[in-house]
Each structure stands twice: as structure tokens, then as C-alpha cells.
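Please read this report alongside the chain shown here. It moves from one side-chain contact to the wider fold.

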Amino acid sequence: MSEPLERIVRVRVEELVDLTRIRRDGRQPTPAELRAALPRGWVLDDDGEHAVRDRRLMFGESWVLIVGLVTFGTVALGLFWSTFPRGWRGVTRLGILLVAFVVIGGFVAPLVTRALHRR
């Protein structure tokens, strides 16, 4: 395949799974057997012949990323709260930190996660 798997929306199950390996006694595999044989991150489509990427919220290890970002962001805020200047300077500094947190958590972290999951 010339495209990375992340960009493919729908593929035939035969492209992801060796059906001869899961067939028994010449019968077609059941949907449960197909679901069990699909690679991580893929789910069986309603037609039973195609597979689609699993787009559920917090699928796989993304919950680790979310919990880590929230935890370390909270700890960082607690550690640096006493160093913030009072008044508008403190509010400005907090705003800059929140923007940096959103950029790192929303743009950089998914890029790193995708890079780590590539084969």
C-alpha cells in the first residue's frame, strides 16, 4: 500500500488478515473470528467484508497521553503558582502557559504518537 494506514478509511478485510489462516473446515470465518484477527486499531464494518479505523475517543493508549498532560500540567501550575507575578502580568504569564499547553497537547503530542505507532 502506498498510503499510510492512518489515511485509509475503509479496506477489505483480506488486505489486513490472512483469511486462510482463520478458516476451518473450508467454511467462512464468523464475524467474531474476523474481529479477533484484525490488527490493533481496526474494527469490522457493518457489511462484514471491510474494516475501518477505530475512531473511538481514547482508543488504545491515548488515555495515557491525556492523563499525563492533565497531571503534569496541574503539577506545573501548582509548582509555579507562587512565582507568578500579581495582577495582569500574572494573568498574561498564565495565558502564555495555557497556550503552550494547548499547542503541545493538541498538535505536537498527536504527531509524536503517530510517529511512534508507524511501522
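## A side chain meets a backbone

The backbone nitrogen of Thr30 lies 3.0 Å from a polar atom of the Glu33 side chain. A polar contact is a pair of N or O atoms within 3.5 Å; within protein, one must be able to donate a hydrogen and the other to accept it, and residues adjacent in sequence count only if both atoms are side-chain atoms. Glu33 sits in helix α3, residues 31-37. Leaving out residues up to four places away in sequence, Glu33 touches Ile22, Arg24 and Arg27. Contact here means heavy atoms within 4.5 Å.

Ala32 also has its place in helix α3. Ala32 counts as partly exposed because its relative accessibility is 45%. The cut-offs are under 20% relative accessible area for buried, over 50% for exposed, and partly exposed in between, with a 1.4 Å probe and protein chains only. Ala32 and Leu44 are twelve residues apart along the chain, and their C-alpha atoms are separated by 9.2 Å.

## Basis of the model

This is a predicted model, in which local features need pLDDT of at least 70 and side-chain atom pairs count only at pLDDT 80 or more, while totals for chains, interfaces and linings use all residues. Residues are numbered from 1 along each chain as its sequence is written, and side-chain values use heavy atoms, with hydrogens and water left out.

## Overall fold

The chain has five helices and three strands. From the N terminus, the order is β-α-α-α-β-β-α-α. Helices (H or I, at least four residues) and strands (E, at least two) are DSSP runs, numbered from the N terminus.

Of the 119 residues, 18% count as buried. Among contacts with a separation of 6 or more, 41% join residues 24 or more positions apart. The accessible surface is about 9300 Å², and 63% of it belongs to carbon and sulfur atoms. These areas come from the Shrake-Rupley method with a 1.4 Å probe; for residues, only the protein chains shown count as cover.

## The nonpolar core

The largest nonpolar core has ten residues: Val11, Val13, Val17, Leu19, Ile22, Leu34, Leu38, Trp42, Leu44 and Ala51. Both α2 (19-22) and β2 (42-44) give two or more residues to this core. Such a core is a set of buried Ala, Val, Leu, Ile, Met, Phe, Trp, Tyr and Cys residues joined through side-chain atoms within 4.5 Å.

Val11 is placed in strand β1, residues 10-12. Val11 is buried because its relative accessible area is 6%. The C-alpha atoms of Val11 and Ala51 are 5.4 Å apart, although the two residues are 40 apart in sequence. Leu44 touches Val13, Pro31, Leu34, Arg35, Leu38 and His50, not counting residues up to four places away in sequence.

## His50 and its polar partner

His50 lies in strand β3, residues 50-53. His50 is buried, with a relative accessible area of 16%. Its side chain makes a polar contact of 3.2 Å with the side chain of Arg10.

The largest share, seven residues, comes from α4. Both α4 (62-80) and α5 (88-117) supply at least two lining residues.
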